Amino acid sequence: MTQHQTGTPAQQGPRELVVVGGGMVARRLVDALRSRDDAGQWAITLLCEEPRAPYDRVALTSYFTGRDPEDLALGGQEIWDDPLVTIRRGVAATSVDRAARTVDTSDGRTLTYDSLVLATGSYAAVPPVPGKDLRGAFVYRTIDDVADLRTHVETLRGEVDRPLRGAVVGGGLLGLEAAGALRALDVESTVVEFAPRLMPLQVDEGGGEALRRLIEGLGVSVRTNTATSKIVGHRGQVARMEFAEGPALDVDVVVFAVGVRPRDELAREAGLEVGERGGVVVDDACRTADPHVWAVGEVACIQGRCLGLVAPGYTMAEVVADRLLGGEGTFPGADLSTKLKLLGVDVASFGDAFAQERGSLEVVISDPVAGVYKKLVMSDDAKTLRGGILVGDAGAYASLRPMVGRELGGDPAAYLLPEGSAPAPAGDLPDDAAVCSCNNVTAGTIRCSVTEGGCTDLAGVKACTRAGTSCGSCLPLVKRLVTTELEKSGVEVSNALCEHFDLSRAQLFDVVRVQGLTTFSEIVARHGRGRGCDICKPVIGSILASLGTGHILEGERATLQDTNDHVMANLQKDGSYSVVPRIPGGEVTPEGLLAIGQVAKDFGLYTKITGGQRIDLFGARIDQLPKIWKRLVDAGFESGHAYGKSLRTVKSCVGSTWCRYGVQDSVGLAIALELRYRGLRSPHKIKLGVSGCARECAEARGKDVGVIATDNGWNLYVGGNGGFTPRHAQLLAEDLDTETLVSAIDRFLVYYVRTADRLQRTAAWVEEYEGGLEAIRAVVLDDALGICDDLDAAMAAHVDSYEDEWAAALDDPEKLRRFESFVNAPDQPDDSLAYVGERGQARPATAEERDGGAVLIAGTTLEVRR
């Protein structure tokens with residue numbers, strides 16, 4: 001690299017920025033700078049001491065529930081392909097020469113810089129307890145830490161014939177995460193906390209007691225007011241923990257999670273000022289006393305303290321990016337609000353949670369039976385919100401946190417009541433109220449994206465402002481703000497399906513279901529107007545099919561279908577069709593393969609294996625479709641519904657039947673699921689995947705419903721998809737037995753079919769559903785709405801009423817009349833189809849090839865295309 005003088009007129013090329021550290025805040029800095037640096041003023045080099053790109057440390061525990069380390073990667077790969085960004089994996093900075101503006105690295109190189117950002121984060125603190133270095137003692141900080149923990153547990157499990165016992169030293173955020181990790185590994189867990197309650201920095205005594213009851217109810221033991229005196233080993237291995245008071249504890253694994261310390265050794269050696277308790281001292285611009293050196297994240301000592309939460313670190317990254325481009329951004333102060341799910345328990349803390357400000361009043365609702373503790377801290381006149389604590393139910397967090405320092409405008413207790421609570425109206429939020437603390441987005445910024453930025457929906461606002469793109473807890477509030485602002489701007493916010501129906505798809509579904517309507521004519525006469533359109537007709541056709549009212553081509557329903565559904569095959573670019581028989585789970589016999597191959601050969605069809613483990617047959621004329629179906633049906637196949645908004649495939653690996661790594665029969669389950677959900681019509685296509693182990697060969701987490709085998713059963717993921725906007729599925733439930741798993745999938749799919757919008761994939765539905773995945777989990781697993789019996793009955797009705805659409809059409813002469821090339825010449829095949837040979841098969845001819853004449857013309861060369 002060439003050193004440049006910052007800001008000189010003769011500047012040639014971009015200036016050099018070296019970022020030391022490969023954590024979440026470092027990634028945010030790179031993203032923020034590149035998104036704003038349109039002129040390419042800075043070339044960035046990122047030094048990652050770990051052998052991987054920045055990843056989500058907050059989600060480390062999910063590594064134990066079937067996720068690959070790569071799944072934790074932050075953002076997309078495209079940032080590392082940027083020519084102005086260089087990432088050096090597995091390379092640490094060893095020293096900094098501030099006078100020369102150089103950084104020496106562990107691979108023997110010397111980098112020059114115009115500006116240097118220290119984002120080295122922190123390391124896990126380990127108390128000076130005798131025995132802390134024994135085999136079986138771990139910290140909980142990086143992917144390598146958790147991978148070592150898992151490897152150790154798996155090794156021990158093969159050596160001892162009893163349940164494994166673990167302990168976590170520390171009952172804070174990190175400690176409860178570590179306890180969740182042990183639980184995910186099926187290790188008995190005890191949390192040992194020196195303070196009198198769990199999470200002492202976030203919750204008060206009442207909240208701590210509620211949290212303790214909830215955690216213990218999940219099978220995790222808790223010992224508070226307990227100091228660990230030493231760890232006793234046996235043959236070099238952790239065997240027992242002893243305490244200052246109380247009985248000893250036999251353990252096989254100990255995880256230290258007592259906090260973190262800033263990694264400021266590089267700054268110390270470079271002569272930079274550090275705080276009394278560590279951390280690189282910076283001003284409100286995140287700059288050190290050296291104008292060319294900055295510090296962000298957990299290593300920065302800003303406003304007299306180091307901050308261990310990711311949201312303030314993100315804010316620092318944004319400030320530095322702004323300053324590097326000539327701005328005047330300053331750190332606005334730390335928002336220490338937190339909302340987490342620890343061991344499946346909601347915990348939130350915001351503002352002056354401990355009522356330290358003079359004259360504070362506390363409004364508390366405690367329900368030990370329901371496992372809920374909620375507290376609001378108010379001003380002495382009970383009008384202004386100062387802070388709060390929510391344990392067991394944090395649904396009001398998104399609405400309450402932005403109101404800190406402002407008048408609630410109502411009875412504070414109403415905000416703590418379940419389900420009928422009164423969240424703060426989005427329209428009343430001041431412009432400077434922080435809505436998304438992760439990305440430092442205010443209510444005013446969101447409003448401006450609507451009024452000036454032209455955003456008209458949640459997706460557009462997210463892309464414009466980044467609000468809700470990190471933890472997602474603010475999405476319900478963002479959605480309300482967008483809706484309110486659109487209405488204020490005179491834009492009618494309507495859920496109407498189209499100009500012919502004022503009802504939304506979900507409302508229309510319920511109307512049709514409850515009233516037992518079976519035809520489009522009935523529905524439009526009672527609830528709509530006009531003759532319908534290309535929007536409402538297919539939707540109603542799908543609704544009627546979902547409710548099992550008959551074949552999609554029966555009577556007037558045939559006029560409602562989309563292009564592909566009209567002929568139960570997929571239209572191709574040359575006017576021919578493709579045929580996809582169902583192959584459940586990708587399993588097919590040699591006889592089945594021969595039958596498909598013979599059909600393809602006899603009709604001259606192009607064949608290809610699909611991504612969903614099926615065989616696609618291309619190039620069929622419309623008049624050939626029934627003949628092809630007849631041959632396939634006689635061979636034991638049925639429609640694969642590749643043409644419908646319905647279940648497509650259930651992809652699987654070979655699982656425990658053949659694979660030496662498989663722990664469950666993934667093929668058997670995949671086949672059972674595909675046969676259960678075949679023909680299920682829905683707002684959009686549905687894809688499932690079943691993997692027989694955590695190696696995830698079936699790519700289940702890229703599916704609408706993904707199932708991954710564990711030693712104890714199955715983990716269930718929902719809301720994934722590939723396509724234009726790929727989404728990873730999210731964990732809905734873990735270690736389910738097969739019966740419970742199938743029941744959960746039944747309910748999830750039926751609830752999706754009933755409530756999603758037109759053409760809405762499950763990923764978008766989960767994201768936009770009020771309360772998100774947690775609310776959906778409450779409905780389908782906990783029966784929060786009391787509708788699970790109805791959902792179960794709906795799926796049972798679907799399974800009982802299934803019929804193969806191809807076979808049903810073959811038995812009906814009236815339906816078969818639809819499959820004629822020409823109405824006035826039903827025996828004459830379409831001669832406009834032309835093909836050329838390529839790689840041993842036929843493909844559609846181009847216009848040039850047609851003009852050249854070297855093609856096979858369907859209908860004239862019938863000996864080739866029978």
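Reader: How many cavities of 30 Å³ or more does the count come to?

Author: The model is a predicted one. A probe the size of a water molecule, rolled over the atoms, shows where empty space is left. With 30 Å³ or more as the threshold, the count comes to 1 cavity.

Reader: What volume does the largest cavity have?

Author: The lining of the largest cavity includes M568, A569, N570, S578, V579 and V580. Also among the lining residues are S639, G640, H641, A642, Y643 and W806. The volume of the largest cavity is about 40 Å³.

Reader: Is G644 buried or exposed?

Author: G644 belongs to the loop between α17 (625-634) and β33 (647-652). Its relative accessible area is 0%, and a residue under 20% counts as buried. G644 is therefore buried.

Reader: Which residues does G644 touch, leaving out those up to four places away in sequence?

Author: The C-alpha atom of G644 is separated by 9.8 Å from that of T563, and these two residues are 81 residues apart along the chain. With residues up to four places away in sequence not counted, G644 touches D565 and R681.

Reader: How many aromatic pairs does a search of the whole structure find, and what kind of pair do F748 and W765 form?

Author: The search of the whole structure finds 10 aromatic pairs. F748 and W765 form one with 5.5 Å centre to centre and 65° between the planes. An angle over 60 degrees is the cut-off for this class, so the F748 and W765 pair is edge-to-face.

Reader: Which helices hold F748 and W765?

Author: The two residues are 17 residues apart, and their pair links distant parts of the chain. Both F748 and W765 are buried. F748 is in helix α19 (residues 738-755), and W765 is in helix α20 (residues 762-768).

Reader: How many residues apart in sequence are the parts tied together by the pair of Y751 and W765?

Author: Y751 and W765 form an edge-to-face pair, 5.9 Å centre to centre with 70° between the planes. Y751 is buried, as is W765. Y751 lies in helix α19 and W765 in helix α20, so the pair ties together parts of the chain whose separation in sequence is 14 residues.

Reader: Which residues form one aromatic cluster with W765?

Author: W765 pairs with F748 and also with Y751. The cluster that holds W765 is formed together with F748, Y751, Y752 and Y769.

Reader: What is the phi of A382, and what is that of Q613?

Author: A382 is in the loop between β25 (372-378) and β26 (385-391), and at 32% relative accessibility it counts as partly exposed. Q613 is in the loop between β31 (606-609) and β32 (615-620), and at 23% it too counts as partly exposed. Neither residue is a glycine, yet phi is positive in each: about 60° for A382 and near 65° for Q613.

Definitions and conventions. Residues are numbered from 1 along each chain as its sequence is written. This is a predicted model: local features need pLDDT of at least 70, side-chain atom pairs count only at pLDDT 80 or more; totals for chains, interfaces and linings use all residues. Side-chain values use heavy atoms; hydrogens and water are left out. Rings of Phe, Tyr and Trp (its six-membered ring) pair if their centres lie within 6.5 Å; planes under 30 degrees apart count as stacked, over 60 as edge-to-face and the rest as tilted. Helices (H or I, at least four residues) and strands (E, at least two) are DSSP runs, numbered from the N terminus. Buried means under 20% relative accessible area, exposed over 50%, partly exposed in between (1.4 Å probe, protein chains only). Contact means heavy atoms within 4.5 Å. On a 1 Å grid over the protein atoms alone, a cavity is a set of points where a 1.4 Å probe fits but cannot get out, and a pocket is an open set with protein on both sides within 12 Å along at least five of seven lines; lining residues have an atom within 4 Å of a point. Grid points are joined across faces, edges and corners, and a volume is the space filled by probe spheres set on the points.
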